[in-house]
Amino acid sequence: MKHERNNERKLFDSTKVAKIFKGFPKNFFFGNKEKKPKNIKRVPKLILLQNPIKWLMIKIDFSVLRNVWDPTFEEKDFKYGTKQAISRVTQVISDGQFSELNGLLTKAARLSLLRELDRNWSNKQRSLLALKHEDIQISSPRKVYFIRIADKKYCDVDMAFLALKWVPINSVNVLLFTEIFARFHREYTPNCIPEWTIAYFKVTRFEVLKR
């Protein structure tokens, strides 16, 4: 699978941040200079109840990924990076700058997302989709795939993201719940580009919560 990349200016220079973002393209990330408004309503906490057997299987798969495929892999850093990536994609969609999806998603994933937005999303819905990193309360791994094709090695990780934020609709602040499913893909063939990219992206729930 070919990787698409954009030339982006370097946003982070510290060794610590570089370690956290290792394996993710720079255009997954962006600076947030917005000042936090005062007197914001408190956002309720989301709770995810996960099947313990599936949770254990994910832990085992991540252990295999770290110990067999990628000794630099850290689950905590990976989840942080995926949240940043999802936040970035939603911001791009909300701003209508679809050309910036190049390098964030694979070509197939990008075309699929653009078709979905064109058919089923209004401009108003798109404008409300943007998520900050802190809006995404839960990033939950769902399945890990280890793929070998001839001498090629790939790893896919399915992730679910749950977000909650206050948004103004018709002059009234309401709680907007968003659930996003994404598949993160990386090739581990020797001498390949060591980057995670999004191979599938879909907003599975997008609704105002009733009080």
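Trainee: How many of the residues of α3 are buried?
Mentor: In this predicted model, 17 of the 21 residues of α3 are buried, so the helix is mostly covered.

Trainee: Which residue follows α3?
Mentor: G96 follows α3, and its phi is positive, near 75°.

Trainee: On to the core. Which residues have the most contacts inside the largest one?
Mentor: The largest nonpolar core has 35 residues, and those with the most contacts inside it are I86, V89, L105, F184, I198 and F201. The elements that give two or more residues to this core are the helices α2, α3 and α4 and the strands β1, β2, β3 and β4. The largest share, 6 residues, comes from α3.

Trainee: What is F201 in contact with?
Mentor: Setting aside neighbours within four places in sequence, F201 is in contact with I86, V89, T90, I93, L105, L113, I180 and F181. There is also a second, separate core of 5 residues, which includes I138, L162, L164 and L175.

Trainee: Changing topic: how many aromatic pairs are there?
Mentor: The count comes to 11 aromatic pairs. One of them is F73 with F78, a tilted pair at 5.5 Å centre to centre, with 45° between the planes.

Trainee: Are F73 and F78 buried or exposed?
Mentor: F73 counts as buried at 6% relative accessibility, and F78 is buried at 2%, because buried means under 20%.

Trainee: Which pair is edge-to-face?
Mentor: F161 and F184 form an edge-to-face pair, 6.4 Å centre to centre and with 65° between the planes. This pair links distant parts of the chain, with F161 in strand β2 and F184 in strand β3, 23 residues apart. F161 is buried at 2% relative accessible area, and F184 is buried at 0%.

Trainee: Which residues do ring pairs link into a cluster?
Mentor: The cluster consists of F62, W69, F73, F78, F146, F161, F184, Y188 and W196.

Notes. Residues are numbered from 1 along each chain as its sequence is written. This is a predicted model: local features need pLDDT of at least 70, side-chain atom pairs count only at pLDDT 80 or more; totals for chains, interfaces and linings use all residues. Side-chain values use heavy atoms; hydrogens and water are left out. A nonpolar core is a set of buried Ala, Val, Leu, Ile, Met, Phe, Trp, Tyr and Cys residues joined through side-chain atoms within 4.5 Å. Buried means under 20% relative accessible area, exposed over 50%, partly exposed in between (1.4 Å probe, protein chains only). Helices (H or I, at least four residues) and strands (E, at least two) are DSSP runs, numbered from the N terminus. Contact means heavy atoms within 4.5 Å. Rings of Phe, Tyr and Trp (its six-membered ring) pair if their centres lie within 6.5 Å; planes under 30 degrees apart count as stacked, over 60 as edge-to-face and the rest as tilted.
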